[in-house]
Amino acid sequence: MKEEDVLALKKLLVLPKKIAIIPHRSPDGDAMGSTLALYHFLLKLNHQPAVIAPNDFPNFLAWLPNSDSVLVYENDKTNTTKVLNEADLVFILDFNALHRTGEMENVLNKLTVPMIMIDHHQKPDTFATYTYSNTAIGSTCEMIYNFISYLDKKELIDKTIATCIYTGIVTDSGSFRFPSTTSTTHRIVADLIELGIENSTIHNNLFDNNSYNRSQLLGKALQNMKVMPEYKTAYITLSQKELDEFHYEKGDTEGIVNYGLTIKGVIFAAIFIEHRDENIIKISFRSQDNFDVNQFARNNFSGGGHINAAGGKSNLSMQETILKFENLLATTTR
């Protein structure tokens, strides 16, 4: 982060302020972990922070400290808009383009107060007053740890803040197996453990409390997997009918795309999920080695993300989307 930005933010945060903290739409562990970590940190500085999520977050994140205080824009547009309009500062965490907030973008675009973006995705937009962007860092939560350190307030990180930070690091690092996991990541985690986080409990809360329906949905997804060895690719489809059959809840498909990469010889995996309420096919891409799924998503499916993890969408039918994807494979270098 630029030294002049750090100095400016130190001055901005001296006196108590109303501060809105925004994650991206359909927030994951890194988005919720980073926003709640910052929320607890700002409370310690005597500010009045409010986390405002564009829509609901998954149930498997509901154990996070003070997650019950998170305001959801889609559930109460009047009150959340009022909170946003009254904010003195706005933090944008784990995304770098306002359209990632869905309909809430319309409100954010009208705000005139300073915005602070902290994010690790590629090609950030330029709307923020202050930007801390680093694509080499594996999670926004790791960046929040750095941000607090830059402000010379590291001593304020307690078990609660550390728990939130660890949640984002462990989820976005794929439990520390992704290439973006560095020695610095492990040193930060060591600090968090020394602060008393219950790392095994956090892991269980995130990954080992599956409902019966979620387990059945995973089974169906794996049955639907198609492997194309000639393209080193595996992909999964889930229709709206299949989601309904297994009583899908938000977060139930989290991580399923990674199963494609467990197939020998596969370096490119995708999952296509039908959402009739939004009239789109939501897509997640994962890769190994140097195959850039961020660019693939940007070029073909109105998406983006990281080199080895990205998302996108399609307004075509499932059948048409899969046909488009398979045709693209023939012309894509992996």
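A: We begin with a term: contact means heavy atoms within 4.5 Å. Please keep in mind that this is a predicted model.

Q: With which residues is Ala269 in contact, leaving aside its neighbours within four places in sequence?
A: Ala269 is in contact with Ala234, Val257, Gly260, Leu261, Ser284, Phe285 and Arg286. Ala269 itself lies in strand E9.

Q: How far apart are Ala269 and Ser287, in sequence and in space?
A: The two are separated by 18 residues in sequence, and their C-alpha atoms are 6.2 Å apart.

Q: Is Ala269 buried or exposed?
A: A residue is called buried when its relative accessible area is under 20%. Ala269 has a relative accessibility of 1%, so it counts as buried.

Q: Is Ser34 buried or exposed, and where does it lie?
A: Ser34 has a relative accessible area of 0% and is buried. Its place is in helix H2, residues 29-44. Leaving aside neighbours within four places in sequence, Ser34 is in contact with Leu93, Asp94, Thr140, Cys141 and Ile144.

Q: How should I read a sheet, and in what order do the 6 strands stand here?
A: Strands of a sheet pair through backbone hydrogen bonds, either parallel or antiparallel. Here 6 strands form an open sheet in the order E7-E8-E9-E10-E12-E11, with mixed pairing. Strand E7 (226-228) and strand E11 (304-305) are at the edges and have a single partner strand each, so one side of each is left without a neighbour in the sheet.

Q: In what sense do E7 and E8 pair?
A: E7 and strand E8 (residues 233-238) are antiparallel, and their pairing runs over 3 bridges. The bridge partner of Val227 in E8 is Ala234.

Q: Which helix lies across E7, E8, E9, E10 and E12?
A: Helix H12, residues 318-329, lies across these strands, and it runs at about 165° to E9.

Q: What is the volume of the second largest pocket, and which residues line it?
A: The second largest pocket has a volume of about 150 Å³. Its lining includes Pro58, Phe60, Arg214 and Asp252. By class, 2 nonpolar, 5 polar and 4 charged residues make up the lining of this pocket.

Notes
Residues are numbered from 1 along each chain as its sequence is written. This is a predicted model: local features need pLDDT of at least 70, side-chain atom pairs count only at pLDDT 80 or more; totals for chains, interfaces and linings use all residues. Side-chain values use heavy atoms; hydrogens and water are left out. On a 1 Å grid over the protein atoms alone, a cavity is a set of points where a 1.4 Å probe fits but cannot get out, and a pocket is an open set with protein on both sides within 12 Å along at least five of seven lines; lining residues have an atom within 4 Å of a point. Grid points are joined across faces, edges and corners, and a volume is the space filled by probe spheres set on the points. Ala, Val, Leu, Ile, Met, Phe, Trp, Tyr, Cys and Pro count as nonpolar, Asp, Glu, Lys and Arg as charged, and the others, Gly among them, as polar. Two strands pair if DSSP finds at least two bridges between them. Helices (H or I, at least four residues) and strands (E, at least two) are DSSP runs, numbered from the N terminus. Axes are lines fitted to C-alpha atoms, for helices over the stretch in contact, and angles run from 0 to 180 degrees between N-to-C directions. Buried means under 20% relative accessible area, exposed over 50%, partly exposed in between (1.4 Å probe, protein chains only).
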